[in-house]
Amino acid sequence: MAEGDPEDFAAALNAAGIDGWINAMGLRLIRATGDEVEGELDIRPQHRQAYGVVHGGVHAGIVETLASIGAALHALPEGRSVVGLENHTSFLRAVRSGRLRATARPLDRGRRTQVWEASVHDEEGRLCATGRVRLLVLEPDAVLAGQRPGAPG
């Protein structure tokens, strides 16, 4: 896809200043489509665990976030939303500093569920973590924790 492609929502999502985990961690989207989502994160002190390496939860959070964004972009044209059901993340290489870059792509996009796979690499391009996320596709009138997904509150 060319830069500025109308199907790439990365710039719009970054500009929206999404509240929550993505903002707190400083994860930036590079590309966001229903077929592929890329993001990067500059490692800061809050990303490290007691041994000084990036916490596994950060890797798992990146994997789930990118998969969720891609799955949502695929489901939104039909008025649907998605929520995560499972996240299986494997940690392959410890990282202490620098920038992480991750990519998520769909493995299966069914009517009721989607499965996405993601990889996280360090600045040298070495694989640091991989993960697979299964997401439930919600109907437009679904209620989640007492309200409709995307509703303010």
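Me: Polar contact here means a pair of N or O atoms within 3.5 Å; within protein, one must be able to donate a hydrogen and the other to accept it, and residues adjacent in sequence count only if both atoms are side-chain atoms. Which side chain makes one with Gln-114?

Reply: That of Trp-116, at 2.9 Å. This is a predicted model, where local features need pLDDT of at least 70, side-chain atom pairs count only at pLDDT 80 or more, and totals for chains, interfaces and linings use all residues. Residues are numbered from 1 along each chain as its sequence is written, and side-chain values use heavy atoms, with hydrogens and water left out.

Me: Is Gln-114 buried or exposed?

Reply: Gln-114 is buried because its relative accessibility is 1%, and buried means under 20% relative accessible area (1.4 Å probe, protein chains only).

Me: Which strand holds Gln-114?

Reply: Gln-114 sits in β5, strands being DSSP runs of E, at least two residues, numbered from the N terminus.

Me: How does β5 (residues 113-121) join β4?

Reply: They run antiparallel, with eight bridges; strands pair if DSSP finds at least two. Ala-104 stands opposite Ala-118 there, and a hairpin of three residues links β4 to β5.

Me: New topic: how many residues of helix α3 (56-75) are buried?

Reply: 14 of 20, so α3 is largely enclosed by the rest of the structure. Helices are DSSP runs of H or I, at least four residues.

Key. Buried < 20%, exposed > 50% of the residue type's maximum accessible area, 1.4 Å probe, protein only.
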